[in-house]
Amino acid sequence: MWQTPSMCLSVSSVQRIKKRFDETGDIFDKPRSGRPRKTTAREDRLLARKSKASPFSTAAELHETWSPEVPVSTRTVCRILSRNGLHGRISAQKPALNKRQLKNRVAFAKAHSLLKGWMLEKWQKVDFSDESSVELHYSRRKYCRRPTGARVDPRFTQKTVMFGGGKIMVWGYIQYGGVREICRVEGNINSLKYQEILATSYIPNHKRGQILQQDGAPSHTSISTSKFLKAKKIKMLQDWPAQSSDMNIIEHIINKLYESLPHRMDAVLQAHGSHTRY
């Protein structure tokens, strides 16, 4: 029978098809699963456990302490970890919290929660303030490997502390509705300088019934500053916990963030005083 050129097969192809039929009863190839795995499931689990136990170790460092039967590349290590939900990321920087600070954060969040009547209308009366410095020498960002959704988990955050070095210091505050002020401060802020800042940058815009939030810096809580604020009839937001920038919306300076304050208190409670996603 005459055949078109496209239907012609070589002798070797016919022999291969016949052999496949004799062995499997079929002439079609079976589905393939791709390149065979070099490591066993047990070895993969061991690698994942090592990464979880040491989240700041790089794939290369994990590779050195992991001994699969078949040698693999560092790229393969990365793929195995990713399959196990452990993805390489730059770790978030969060202040170190001790047990006392955790307890104080929980107490503050409870006292200022929705259950205690702290709804949006009440938060709108709070003026948030803060000092900030632009460091000329900053800590290097640190790489870690963590599961999805675990960015602020204390196991995967880089702890930060205050340190010296060249810097530019500024102080500012915001009110609900868009009022805001920022000023540069020369040198360190002591009690007298802080009172001068309040007198020139805050008090002129202070409204009756507004509440000033400030952290527990010595210049803020000194006897002379307390007397100054009392004389100016400035009401204070009491018991602000240390290391709580995630509860201070001046970090973002967006009016809508006032609406997030009840949720911020709830998030601190849910995290048992630890860091939150804010």
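Colleague: Buried means under 20% relative accessible area, exposed over 50%, and partly exposed in between (1.4 Å probe, protein chains only). Which exposed residues does α7 carry on the face turned away from its buried side?

Modeller: Leu192 and Thr200. This is a predicted model, where local features need pLDDT of at least 70, side-chain atom pairs count only at pLDDT 80 or more, and totals for chains, interfaces and linings use all residues. Numbering starts from 1 along each chain as its sequence is written, and side-chain values use heavy atoms, with hydrogens and water left out.

Colleague: And which residues of α7 are buried?

Modeller: Ser191, Tyr194, Gln195, Ile197, Leu198, Ser201 and Tyr202.

Colleague: What caps the N-terminal end?

Modeller: Asn190, with a side-chain oxygen 3.3 Å from the backbone nitrogen of Leu192.

Colleague: Switching to Tyr176. Where is it?

Modeller: Tyr176 is in the loop between β6 (167-174) and β7 (180-185); helices (H or I, at least four residues) and strands (E, at least two) are DSSP runs.

Colleague: Why is Tyr176 counted as partly exposed?

Modeller: Because its relative accessibility is 33%.

Colleague: Which side chain does it contact?

Modeller: The side chain of Gln124, in a polar contact at 3.3 Å (N or O atoms within 3.5 Å, one able to donate a hydrogen and the other to accept it). Tyr258 is 82 residues from Tyr176 in sequence, with 7.4 Å between their C-alpha atoms.
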